[in-house]
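Subject: Structure handover

Hi,

Here is the structure I promised to pass on to you. Please have a look at it first; my notes follow below.

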Amino acid sequence: MGNDDRAMRLLERLASEHTLELEGYRKLIESRTPALAARAAELALACRREVYGNDVFVRGLIEISNHCKNDCLYCGIRASNGALERYRLSAEQILRCCDAGYELGFRTFVMQGGEDAFFTDGFLCGIIERIKEGHPDCAVTLSLGERGFESFKRLREAGAERYLLRHETADRAHYESLHPSNMSFDNRIASLGYLRELGYQVGAGFMVGSPMQTSSTLAADLKLIERFAPEMCGIGPFIPHHETQFRDHPRGTLELTCFLLSLIRLACPDVLLPATTALATIAPDGRERGMLAGANVVMPNLSPEDVRAKYDLYDGKVSSGAEAADNLADLRDRMASIGFNIVVDRGDCRRSEWEAQR
Ligand code: SF4
C-alpha cells in the first residue's frame with residue numbers, strides 16, 4: 001500500500017472512530033496532499049452537518065483591554081511592547097457593546113482581554129451580572145487568561161458559561177520556547193481542568209505554523225483535543241507581529257489550518273469550531289474556506305471602533321468588513337453563498353444530543 005493510500009485509510013478511520021494514535025495524527029499531517037485535504041474537508045462537512053446542520057453560530061467579540069502582565073514571545077500586546085497605545089473599556093462601554101450586539105442578533109458575548117489585574121473578580125462579576133440581567137437569553141464567554149481556580153469559580157457563579165483558554169501547544173518544550181520562564185505549561189493545562197471542573201463550556205486551541213512547531217507537536221495538539229474534548233476549539237494561522245522577536249517568521253498557511261480544522265472536526269464532532277479572524281486576515285475568503293473545512297462559528301468584532309486597531313495581537317489583524325459585527329448582513333450573505341445559515345441563537349455545544357445519537 002502506498003503512502004497516500006495509508007493516509008487515506010487513517011483519515012477514514014478517524015472519521016468513523018473519532019480517534020487515532022498520536023503516530024496516526026503525525027502521519028496524516030505529514031502526508032497532506034490536496035486530495036487528502038479535500039477528502040478530509042468532505043468528511044468533516046458531513047460530520048458537522050450531522051451535529052449542527054448548516055447553522056453558523058455568531059459570537060460578538062468585545063476586546064475589553066489590551067493591557068497584559070504576560071510577555072508571550074509571539075504576542076503583539078505583550079507587556080514589553082512599549083510602542084502600543086493601551087486601553088481599557090469601562091463597564092458602561094462593555095454593556096453598550098452588548099446592547100448593540102443584541103439588536104444585531106448576537107446571543108453570545110465574548111469578553112476578551114490580556115491578563116489585566118485592573119479587571120478584578122468583583123468588577124467582572126458585576127459586568128457579567130448586568131449582562132445577564134439585561135439579556136437573560138444570552139451566553140457570556142470569557143477569554144481573560146489564567147486567573148486561578150477561585151477567580152474562575154466566582155466568575156462562573158456570576159453567570160459566565162464559557163471560557164476560552166487556548167492551550168497554545170501540547171508539547172512542553174515547545175510551550176517553553178514560546179513563553180518566558182515565569183509562565184508554566186503545567187498551569188496552563190491545569191487551568192483547563194479547573195474550568196471543566198467548574199462546569200464551563202471550555203475552549204482550547206493553538207496557532208498553526210508557530211515558531212518551532214513540528215508535525216509531532218501538532219499531532220500532540222490533536223491528541224490533546226481528542227482526549228480533553230473541549231466544547232470549543234480556536235485555531236488560526238500564526239501571524240507575526242513586528243514588535244516581537246518572531247517578526248520575520250513566516251505566517252502559518254491557510255491550507256494547513258483548514259486541514260487541521262477538518263481533523264479536529266473528525267476527532268471531536270460536536271466541537272464549536274470558529275473560522276478565526278486570523279484565517280480571515282491571511283486570505284479574503286479565509287472565513288469561507290474555514291467553514292468549508294468543518295468550522296461552524298464566526299466571531300465578528302463588537303468592540304468600539306476606536307479601540308479595534310489597538311487590540312493588536314498580530315500584524316494586519318482585520319476588524320472591518322465582514323469581520324465587524326455591524327456588518328452582519330455582509331457576513332450572512334457570504335455564509336449563504338456557500339450554503340450556510342447564520343442563526344440567532346446562543347449556539348451552545350450540542351454534546352448531549354450528539355452522544356444520544358450514537
Ligand atoms: S498571548 Fe495572551 S497572555 Fe500572552 S501576552 Fe498576549 S494577551 Fe497576554
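A word on terms before the strands: two strands pair if DSSP finds at least two bridges between them. Helices (H or I, at least four residues) and strands (E, at least two) are DSSP runs, numbered from the N terminus. Please keep in mind that this is a predicted model, where local features need pLDDT of at least 70, side-chain atom pairs count only at pLDDT 80 or more, and totals for chains, interfaces and linings use all residues. Residue numbers start from 1 along each chain as its sequence is written.

**Sheets**

In the parallel sense, strand β6 (residues 201-208) and β7 pair over six bridges; A204 has C233 of β7 as its bridge partner. Both strands belong to an open sheet of six strands with parallel pairing, ordered β2-β3-β4-β5-β6-β7. β2 (60-65) and β7 (232-237) are the edges, and each has a single partner strand, so one side of each has no neighbour in the sheet. On average, neighbouring strands here are turned by 20 degrees against each other, direction ignored (axes are lines fitted to C-alpha atoms, for helices over the stretch in contact, and angles run from 0 to 180 degrees between N-to-C directions).

Another open sheet has three strands in the order β8-β1-β9, with parallel pairing. Its edge strands, β8 (297-298) and β9 (341-343), each pair on one side only. Strand β1 (residues 55-58) pairs with β8 over two bridges in the parallel sense, and F57 stands opposite V297 in β8. Helix α14 (residues 328-337) lies across β1, β8 and β9, at about 140 degrees to β9.

Buried here requires 20 or more other C-beta atoms within 10 Å of a residue's own, with C-beta atoms placed from the backbone. In helix α2 (residues 22-30), the buried residues are G24, Y25, R26, L28 and I29.

**Ligand**

Which residues surround the ligand? They are C68, N70, C72, C75, I77, R78, G114, E115 and G145, counted as near if the C-beta atom, placed from the backbone, lies within 6 Å.

Enjoy exploring!

Technical notes: Buried ≥ 20, exposed ≤ 12 C-beta atoms within 10 Å, placed from the backbone. Contact = placed C-beta atoms within 7 Å.
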